[in-house]
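Subject: Structure handover

Hi,

Here is the structure I promised to pass on.

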Amino acid sequence: MNKRLLVLVLSVFLVSFPVFSQSRGQGNFPQGSTAGTTEMSGDVRGIDFPNITFSASAPKDGHEVAFSIELLLLLTLLTLAPSFIILTTTFLRFSIVLDFIKRALSLQQVPPTAVLNGIALFMTLFCMWPTFKNVYDNSFAPLYNNEITLSEAYKEAESPLRVFMVTQMEDDTAYIETFMNMARLPQPETLADIPTYVLVPAYILHELTVAFKIGILLYIPFIVIDMVVASILMSMGMMMLPPVQISMPFKLMLFVLVDGWGLLTTQLFNSVIPVG
């Protein structure tokens, strides 16, 4: 045991001796390296952190209370703005129809859902651009220039959207009548007689109904292809082969040959903005 300990000590000494001898000399270790220093240059300055303070004070009059409430409502509205944009525009119809066509083609990953939502978003901007421009010219721009108050800007922004939603439901006012009856309100004679809290849910259900109707019509030709392929496979005794795996290339070829994307987008635009 003592011999092993002696050998270990001699080995450590032999290994560390060149290092000690090199460090005592004028050279640097390892040889050829640049001499370093632990002193900081006088030009280096520390980071100045700003002082952050928060204070709250009681309102002095009713105007300050009203302004605080308006600010809180504005922040809440900005938080819910994406939901309002989705549910009060054509985005709901476009996104559902695009998802239907993806499922009808038996596609799982292509195109991705994010791509379909992006297509629906820009199609919505295209269809809603006149309405958005009207809202900006009559609401946001005057409010930014301090020409109107916040309540007036809300009314000016609400009016074009209300007109758009009622225009889309001109041929089918059943949902408006349903919600008016549930709210125990008299049947409206003009647009001004329909409250916004009645108009918005009626428009959402109308868009869902229209989107599902379009989706059913899109499904019919592809279901026919699936049935034909399944019948051929059954007659050939290939019952273990999935029909979807065989019918999907035929459905894709049919969709491409008839310019499916062009026809789909054209008919969606025509369903929102009738031609002529």
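Which pattern does the protein chain follow, read along the sequence? The chain runs α-α-α-α-α-α-α-α-α, and its secondary structure comes to nine helices and zero strands. Helices here are DSSP runs of H or I with at least four residues, strands are E runs of at least two, and both are numbered from the N terminus.

Some ground rules before the rest. This is a predicted model, in which local features need pLDDT of at least 70 and side-chain atom pairs count only at pLDDT 80 or more, while totals for chains, interfaces and linings use all residues. Residues are numbered from 1 along each chain as its sequence is written, and side-chain values use heavy atoms, with hydrogens and water left out.

**Overall packing**

Of the 276 residues in the protein chain, 24% count as buried; buried means under 20% relative accessible area, exposed means over 50%, and partly exposed is in between (1.4 Å probe, protein chains only). Taking contacts (heavy atoms within 4.5 Å) between residues at least 6 apart in sequence, 67% join residues at least 24 apart.

The largest pocket holds about 1,100 Å³ of space. It has 28 lining residues, and the closest to its centre are Leu77, Phe84, Phe140, Tyr154 and Ala157. Helix 2 (62-87), helix 4 (113-144), helix 5 (150-168) and helix 7 (196-235) are the elements that give two or more residues to this lining. Helix 2 has the largest share, with ten residues. By class, the lining of the largest pocket splits into 19 nonpolar, six polar and three charged residues.

The second largest pocket comes to about 260 Å³. Its lining has 14 residues, with Ile101, Leu218, Gly260, Leu263 and Leu264 closest to the centre. Here the elements that give two or more residues are helix 7, helix 8 (243-257) and helix 9 (260-272). The lining of the second largest pocket has twelve nonpolar, two polar and no charged residues.

For the method: on a 1 Å grid over the protein atoms alone, a pocket is an open set of points where a 1.4 Å probe fits, with protein on both sides within 12 Å along at least five of seven lines, and lining residues have an atom within 4 Å of a point. Grid points are joined across faces, edges and corners, and a volume is the space filled by probe spheres set on the points. As for the classes, Ala, Val, Leu, Ile, Met, Phe, Trp, Tyr, Cys and Pro are nonpolar, Asp, Glu, Lys and Arg are charged, and the others, Gly among them, are polar.

**Core**

Which residues touch the most other members of the largest nonpolar core? Among its 34 residues, those are Phe94, Ile101, Ile176 and Leu264. A nonpolar core is a set of buried Ala, Val, Leu, Ile, Met, Phe, Trp, Tyr and Cys residues joined through side-chain atoms within 4.5 Å. Helix 3, helix 4, helix 5, helix 6 (174-182), helix 7 and helix 9 each give two or more residues to this core, and helix 3 has the largest share, nine residues. Leaving aside neighbours within four places in sequence, Ile176 is in contact with Met169, Pro188, Ile194, Val198, Leu199 and Ala202.

**Aromatics**

The whole structure has seven aromatic pairs. Rings of Phe, Tyr and Trp (its six-membered ring) pair if their centres lie within 6.5 Å; planes under 30 degrees apart are stacked, over 60 edge-to-face, and the rest tilted. Phe100 and Phe212 make an edge-to-face pair, 5.3 Å centre to centre with 80 degrees between the planes. This pair links distant parts of the chain, with Phe100 in helix 3 (residues 91-104) and Phe212 in helix 7, 112 residues apart. Phe100 is buried at 16% relative accessibility, whereas Phe212 is partly exposed at 42%. Ring pairs also link Phe94, Phe126 and Phe269 into a cluster.

Arg184 is not a glycine, yet has a positive phi of about 55 degrees. Arg184 sits in the loop between helix 6 and helix 7 and is exposed, with a relative accessible area of 77%. Asp259, also not a glycine, has a positive phi of about 55 degrees. Asp259 is in the loop between helix 8 and helix 9 and is partly exposed at 48%.

Cheers
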